[in-house]
Protein chains: 2
Amino acid sequence: MEGVGLAQRRLVVAANRGPVSFHDDPSGEPVVTRGPGGLVTVLTEVLRHYRGTWVAAALSDAERRLAAEERAVEVALDGEEYRVRYVAPSPEAYHKYYNIVSNPMLWFIQHYLWDLGRHPDIRAEEMDAWHAGYVVVNGQFAAAVIDEVRGGAAGPGSGPSGDGRDAVVLLHDYQLYLVAADVRAACPGAFLHQFIHIPWPQSDYWRVLPTQIREAVFRGLLGNDVVAFHTRHYVSNFLRGCADLLDLEVDEARGVVRYDGREVWVRAYPVSIDPASLRDAAGSSRAHVAELELVRRRREYLLLRVDRLDLSKNIIRGFVALDRFLELHPEFKERLTFLALLQPSREDVEEYVTYRERVERIVADVNTRHGTTDWMPIDLRIQDDFPVTLAAYAQYDVLLVNAISDGMNLVAKEGPILNRHDGVLVLSEYAGAFEELGAFSLGVNPFDIEGQAEALHRALTMPADERADRAGMLRRVVEENSVEKWVQAQFTDIAAKLDAEG
Amino acid sequence: MEGVGLAQRRLVVAANRGPVSFHDDPSGEPVVTRGPGGLVTVLTEVLRHYRGTWVAAALSDAERRLAAEERAVEVALDGEEYRVRYVAPSPEAYHKYYNIVSNPMLWFIQHYLWDLGRHPDIRAEEMDAWHAGYVVVNGQFAAAVIDEVRGGAAGPGSGPSGDGRDAVVLLHDYQLYLVAADVRAACPGAFLHQFIHIPWPQSDYWRVLPTQIREAVFRGLLGNDVVAFHTRHYVSNFLRGCADLLDLEVDEARGVVRYDGREVWVRAYPVSIDPASLRDAAGSSRAHVAELELVRRRREYLLLRVDRLDLSKNIIRGFVALDRFLELHPEFKERLTFLALLQPSREDVEEYVTYRERVERIVADVNTRHGTTDWMPIDLRIQDDFPVTLAAYAQYDVLLVNAISDGMNLVAKEGPILNRHDGVLVLSEYAGAFEELGAFSLGVNPFDIEGQAEALHRALTMPADERADRAGMLRRVVEENSVEKWVQAQFTDIAAKLDAEG
């Protein structure tokens, strides 16, 4: 097949969520807002550099109507232009795909979160969720991607080649593990790239899933030309998993799996943020108002955590560590506030409802145990209010990120960019961000309560010059590895692989 | 150092439990009984071939008095002679070493059993249990082993060399990870060998422990000349763990770790049973009486499980699978009994108490759901009655071993030797025994309820000739790989390594 370089190729992106949300307002008029989540931000950054179409699941009635047109729609929002193509799974299929297989099943496996003595049970319900949910929705995504690769509404033969040789397909995350293999079968010329934004566990933990399912996951991903992760650690786990579970030949040093006569590249690209646009947002009047309020009420020390309300974030052990810290160092009583900004998440999933209740209970316990007439140690806010987050980033003395496991964790990168107190980052050794930021943070084992309590104390008593040095280095590492670099590194490798195979 | 071959060396064995138990009877007279547990059986087999001293923890007052003598005692029981040396940790230290660090901490890590979103918390109590329990008791074991290596009560210089070059030390299991390094430091000429009877998990899961603890575990084991496991899978996990966690040079193909200027051999020796002595036991009159009783009451089909009451055994999912099987195949109602022979275990540990309650509850649920006036599907017996087990082995049509994770599982080897019904073995893919017996059993994923229900159905409807073929092959594999072969394989490698280094 004749090689086609990157410059001559069109881009098709696919992710579960789209870049924008279409909703009907109360009068029935469609309105467009920006889609939620960090993935939207980074993919928007990709599409700013390389125009293309974004394939996503329709989540509202307005989006389902657009899906029925079976072509991409153009939309402009906040100075960005998007071309979006919706796929519309039935609500039942979507529920099975999203709320049973993707979460908690895959999410819990990839974060080592199952309580294996009790869960999961793979019953008829779970097998049905796989076949009638995950497989079906992935098939719908694949069909839409194939259609876009072949030229979309313009139809095959209208310029773009039917075999996909003028397309680069970027698939994103753990909801879409089966798409690449289908697209490759239909369009063998397309260049396929998939980024996994969550951790990749070692092979034993994948064995929780029935052989047929875990092999479909690995074989689906190996339909790509490049499989990408945030860290070298996940790359190594994936490569060894291919050897252990599929008995494939892998070259760990080169990051290559031999599969089906092809070389699949497995690479690490640590995602990041855009410091400039974060600073822009922090300059808004809403962030300013929030910061004034925070300053007015803050104590001598502000401890901060910013997380989705997810078991993987290890929120409870953070509060238990505070409890232990106050027990060991009562001199800090009434002098600090632990502000916990927690975004509600996946409230349709039973495990998440239970977790929120447990978080609220431990906060009540710790506040009751240590609080005084006019002091509550923990200020828990279960909300999604970005201006307050930006204000808190500016003000913290200690930022706690103690995740059990976390693909990257962008809070650990956002905080240091905006902070103005030479705040100390206490960072889990098992957050992806630790590979880049570990040297300038205080590393903690997420299970080690005693270690976390010690780290809080060390952070709060660190000499000013050491705080300043560390904060400066954190800022520098994040500045020098912005999301733009993340995008460029991936496209450089795509071009290199196209050239190598041309 | 001059090499000393195996034939010129004395043997010192160390394991938490001794081969015999000394107790004071009500009148205050000491009585001796055989120690419990499968490890005693296999180590007795070792000492039958190679005489030596056995170092163990004193668990009774009688044993603590023997420990105070600081020398080995000779005892004869059931035609075997033992030389036993006791160490006597304080009850507090023993509790910390055994009931906090060894179980549940290490046991749960090595079987992937922690519910990481909730447990473990490494608090001051756990750190203290490590330092004041596990480290201390391991130190006491090391001191006793060193004394025995140097000649025991005879004292140094009385013949045996002080550097240990005339000794082979066999350390056993996960309670004693820190002994080898101490013994090597004191007696660099001793040959040190440690067998781990439980699974070895992959490196990510070891990261649950604080760095200092997990590194002490690995470095302690690397004090040995040979580190031994039941399966190639655990060997591979250990080797990669050395590379991942300690950044050591490992050679997976040769099974070697370079450590401290030495080569540590890492090897798999699948433990087994002694078919002849098992048959002897089955020929006892008590086993015969138990079998008559079982035959009198048995239904058309007998399903059997025999397990310690341990979370790793996956007892509950086995009953849930039976529930599902009866739902799918009501034609089997009243025609079968699921006999569950469960030995009580570790009743001092909270997790085990909770588990027993959960097991009793699910049995009540399933019996209530499917039972009839004169039929209870599950016959649950929480007891330790070996004659009943032997009788049930002879009679089962299906033997279910569905462990989440299991070092080896000897039930899967004992059952086929005694069974007289061409019974089918349904075997977890994650029991160590699967490497040898998987081809002739029905393999199941322990999390897959649907798969286990299907396997039960397939087993109960399997054509007679296929059942006979499989049962015959299982018997043959076990006969041809008896525990004697297990002992010989290890001593052959010890001799080979001594020769290579001579």
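**Strand pairing, overall fold and the two-chain contact**

In chain A, strand E1 (residues 10-14) runs parallel to E4(A), and the two are joined over 4 bridges. The model discussed here is a predicted one. Within this pairing, A:Val13 sits across from A:Trp54, a residue of E4(A). E4(A) has another parallel partner: strand E6 (residues 80-87) of chain A, to which it is linked over 5 bridges. Here A:Val55 has A:Arg85 of E6(A) as its bridge partner. So how covered is strand E4 (residues 52-57) of chain A? Mostly covered, as it turns out, with 6 of its 6 residues buried. As a rule, side chains along a regular strand point in turn to one face of the sheet and then the other.

Along the principal axes, its C-alpha atoms fill a box of roughly 75 × 55 × 45 Å. As for burial, 52% of the 502 residues of chain A count as buried. The contacts in chain A also reach across the sequence: taking those between residues at least 6 apart, 76% join residues at least 24 apart.

Then there is the matter of how the two chains sit together. Chain A can be laid on chain B by a rotation of 180° with 0.0 Å of shift along the axis, and the RMSD is 0.0 Å. The two copies are thus related as by a two-fold rotation axis. Which C-alpha of chain A is nearest the axis? That of A:Asp115, which lies 2.0 Å from it. Both copies use the same surface, in that 100% of the contact residues of chain A recur in chain B.

The contact itself draws 28 residues from chain A and 28 residues from chain B. On the side of chain A that touches chain B, at least two residues each come from helix H4 (124-149), helix H11 (315-328) and helix H16 (449-460) of chain A. H16(A) gives the largest share of that side, 3 residues. Sorted by class, the side of chain A that touches chain B is made up of 16 nonpolar, 4 polar and 8 charged residues.

Technical notes. Residues numbered from 1 in each chain as written. Chains lettered and ligands numbered in written order. Predicted model: local features only at pLDDT ≥ 70, side-chain atom pairs only at ≥ 80, totals over all residues. Least-squares fit on C-alpha atoms with pLDDT ≥ 70 in both. Contact = placed C-beta atoms within 7 Å. Nonpolar A, V, L, I, M, F, W, Y, C, P; charged D, E, K, R; others polar. Buried ≥ 20, exposed ≤ 12 C-beta atoms within 10 Å, placed from the backbone. Pairing = 2+ DSSP bridges.
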